[in-house]
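Please read it with the structure open beside the text.

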Amino acid sequence: MLTRSAEQNLRYPLLLVHGLFSSSRTWRKTVRTFIDDYDLRYGGEISMRPVKNPLPVTPGDFYTWNFSSNYNLSYRQQAEELARGIRQIRELNSCEKVVIAGHS
């Protein structure tokens, strides 16, 4: 059985990472474009921030990202958080890699 990513000819899921002092909201327009214009499936927001009622994260073509803090993390801490998020996406999609796109 092919995953939706395979049907769309996407080899690996995409993780959109926000820039400094920002959040996943940065990608709202991009998310709408990917869904509406390219028929890609949004897997959800991977977040290290504590949230009371988080939305479920599911297998998908692409994801958005939130660090646990925009101000108080060292580069090492950011890398460790990203590694956890990437592992989560890999497990959800049964894939070996994740493509990361970021901005700042």
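1. Serine 23 sits in the loop that links strand 1 to helix 2, where helices (H or I, at least four residues) and strands (E, at least two) are DSSP runs numbered from the N terminus. With a relative accessibility of 5%, serine 23 counts as buried, the classes being buried under 20% relative accessible area, exposed over 50% and partly exposed in between (1.4 Å probe, protein chains only). Apart from residues up to four places away in sequence, serine 23 touches His18, Arg49, Trp65 and Asn66, a contact being heavy atoms within 4.5 Å.

2. On the source: this is a predicted model, in which local features need pLDDT of at least 70 and side-chain atom pairs count only at pLDDT 80 or more, while totals for chains, interfaces and linings use all residues. Residues are numbered from 1 along each chain as its sequence is written, and side-chain values use heavy atoms, with hydrogens and water left out.

3. Serine 24 belongs to the loop between strand 1 and helix 2 and is buried, at a relative accessible area of 8%. When neighbours within four places in sequence are set aside, serine 24 is in contact with His18, Glu45, Thr64, Trp65 and Asn66. Between serine 24 and leucine 73 there are 49 residues of sequence separation and 17 Å in space, C-alpha to C-alpha.

4. As to the overall fold, the protein has three helices and four strands, and its elements follow the order α-β-α-β-β-α-β from the N terminus on. The four strands of an open sheet are ordered 2-3-1-4 with parallel pairing, where two strands pair if DSSP finds at least two bridges between them. Strand 2 (42-47) and strand 4 (99-102) are at the edges with a single partner strand each, so one side of each has no neighbour in the sheet. Neighbouring strands of this sheet are turned against each other by 25° on average, direction ignored.

5. Strand 1 (residues 14-17) runs parallel to strand 3 (residues 62-66) and is joined to it by three bridges, with leucine 15 opposite tyrosine 63 in strand 3. Strand 1 also pairs with strand 4, in the parallel sense and over four bridges, and here valine 17 stands opposite glycine 102. From strand 1, Leu14 and Leu16 point one way and Leu15 and Val17 the other, and all are buried.

6. Helix 2 (residues 28-38) lies across strand 1, strand 2 and strand 3, at about 170° to strand 3; axes are lines fitted to C-alpha atoms, for helices over the stretch in contact, and angles run from 0 to 180 degrees between N-to-C directions. Helix 3 (residues 75-93) packs on the sheet and touches strand 1, strand 2, strand 3 and strand 4, its direction making about 155° with that of strand 3.

7. The structure holds five aromatic pairs, counted when the ring centres of Phe, Tyr and Trp (its six-membered ring) lie within 6.5 Å, with planes under 30 degrees apart called stacked, over 60 edge-to-face and the rest tilted. Tryptophan 65 and phenylalanine 67 form an edge-to-face pair, at 5.4 Å centre to centre and 85° between the planes, and both residues are buried. Phe34, Tyr38, Tyr42 and Phe62 make up one aromatic cluster.

8. Finally, 38% of the 104 residues of the protein count as buried. Among contacts with a separation of 6 or more, 58% come from residues 24 or more positions apart.
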